[in-house]
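Hello,

Here is the structure I promised to pass on to you.

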Amino acid sequence: MRSAPIPLTSDDYAARMARVVDDALAAGLDGVIVTPGPDLVWLTGYRPTAITERLTMLALAPDVQPTLLVPVLERPDAEAAEGAASVAIVDWVDGADPYESAARMLRPEGRFGISDSAWAMHLLGLQSTLPDTRYRALSQGLPMMRAIKDANELARLAMAGAAADATYGEIVNVRFAGRRETEVAADLAALLREFGHEQVDFTVVGSGPNGANPHHEAGDRVIEQGDAVVLDFGGLMNGYGSDTTRTVCVGEPSAEVREVHEIVRRAQQTAFEAVRPGVPCQEIDRAARAVITDAGYGEAFIHRTGHGIGMTTHEPPHMVEGEEQPLRPGMCFSIEPGIYLAGRFGVRIEDIVTVTDTGGERFNTTDHALHIVE
């Protein structure tokens, strides 16, 4: 469970940057500007220790060496990044105009994709210094930039999924009845860390009526006999995310809980079976939704069927109506249909799935059956 992934090399980062430049050109962009966040880590391995008002940005453009602009006091950290050998590092000092330095890295009349997380002050500074440039958010210009995972990334996601599965395998053995949701959530967090997660992002424990809130945060409600309990948990392991959901029942479930759980199980399986290259993302949502709607619970399925996952828990592609992006091998996303009956209970089942050359493969393989806990 604690196996270390193969380290990334400067060549890996160089290949990613080259691919992004090609994709930017195909999208009608003259280059890409990346500010601190997951995209910068993915492209260079550089994660600033603190994100401040000082401008840090990576500029990518055709026929130009990738260039990373950093405050001079942060240069040592940038030079120590895994992908530093694949970029030219330029620094600027306090008191100087960083946008003048940035301007020398950009085409004066260019159209650039820019990180969604870029600070407004930095975008406005660039626009002021280069008034003829135009900008488009990367989520719009290159929404699939990190969507196709390579073998190294797939291995990391598989390890994170296995750790989440091991966590579920242990949590079903703890006592639920008579304990607060927060206590079970703490158990989940501890188990995720025990099985190798360096970061726990969420531990949803939605018991009884709280399970009807898809993003319920564990609270002080005492779990009771007969409760359906939605367990949704995950975080980061080796820099990549896990996210899985199972619904358990404390003691013997009612006939209605069993019925709803079986509908959700069939919806999840049907959506998984729809995964194959070339299928539009929205078809995965439609497959799950059709099962739930046909069973009479369509209005109780109140969210999309899935979201992409990688260095962040939520990223493109999204399995939702209107998303016509075709599935491609290497894409990874959740399939998590649910039914939520306000004031009563909820049921959700979620796996992380990757697209293969012929269909789909699950990174979560724990039983989908309604598990009875004490």
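There are 22 salt bridges in this predicted model, a salt bridge being a side-chain nitrogen of Lys or Arg within 4 Å of a carboxyl oxygen of Asp or Glu. Before the details, two notes on how to read the numbers. Residues are numbered from 1 along each chain as its sequence is written, and side-chain values use heavy atoms, with hydrogens and water left out. As the model is predicted, local features need pLDDT of at least 70 and side-chain atom pairs count only at pLDDT 80 or more, while totals for chains, interfaces and linings use all residues.

Let me start with the pair Asp-150 and Arg-16, whose side chains form a salt bridge at 3.5 Å, N to O. Arg-16 sits in helix H1 (residues 10-26) and Asp-150 in the loop between helix H6 (138-141) and helix H7 (151-171), so this pair ties together parts that are 134 residues apart in sequence. Helices (H or I, at least four residues) and strands (E, at least two) are DSSP runs, numbered from the N terminus. Arg-16 is buried, with a relative accessible area of 5%, whereas Asp-150 is partly exposed at 28%. Here buried means under 20% relative accessible area, exposed means over 50%, and partly exposed is in between (1.4 Å probe, protein chains only).

In one, the side chains of Arg-221 and Asp-227 meet at 2.7 Å, N to O; Asp-227 is buried at 8% relative accessibility and Arg-221 is partly exposed at 22%. In the other, Asp-285 and Arg-289 have their closest N and O atoms 2.9 Å apart. These two residues, Asp-285 and Arg-289, are four residues apart in helix H10, so about one helical turn separates them. Asp-285 is buried at 2% relative accessibility, and Arg-289 is partly exposed at 23%. There is also a network: Asp-39, Arg-146, Lys-149 and Glu-315 are joined by salt bridges that share partners.

Now to the inside. In soluble globular proteins, nonpolar side chains tend to be buried together. A nonpolar core here is a set of buried Ala, Val, Leu, Ile, Met, Phe, Trp, Tyr and Cys residues joined through side-chain atoms within 4.5 Å. The largest one has 37 residues, and Ile-284, Leu-327 and Ile-339 touch the most other members. At least two residues of this core come from each of helix H9 (255-273), helix H10 (281-294), strand S13 (332-335), strand S14 (338-341), strand S15 (345-348) and strand S16 (351-355). H9 gives the largest share, seven residues. A second, separate core has 31 residues, among them Val-21, Val-34, Leu-138 and Phe-363.

What does Ile-339 touch, leaving aside its neighbours within four places in sequence? Its contacts (heavy atoms within 4.5 Å) are Val-260, Ile-263, Val-264, Ile-292, Tyr-297, Ala-300, Phe-345, Gly-346 and Val-347.

H9 and H10 also pack against each other: their axes come within 8 Å and cross at roughly 155 degrees. Axes are lines fitted to C-alpha atoms, for helices over the stretch in contact, and angles run from 0 to 180 degrees between N-to-C directions. That makes H9 roughly antiparallel to H10, because angles under 35 degrees count as roughly parallel, over 145 as roughly antiparallel, 65 to 115 as roughly perpendicular and the rest as oblique. Where they meet, H9 brings Ile-263, Arg-266, Ala-267, Thr-270 and Ala-271, and H10 brings Ile-284, Ala-287, Ala-288, Val-291 and Ile-292.

His-122 is found in helix H5 (residues 120-129) and is buried at 6% relative accessibility. Not counting residues up to four places away in sequence, His-122 touches Thr-52, Glu-53, Arg-54, Leu-55 and Tyr-99. Trp-119 lies in the loop between strand S5 (111-114) and H5 and is partly exposed at 35%. The C-alpha atoms of Trp-119 and Glu-53 are 8.3 Å apart, although 66 residues separate the two along the chain.

Best wishes
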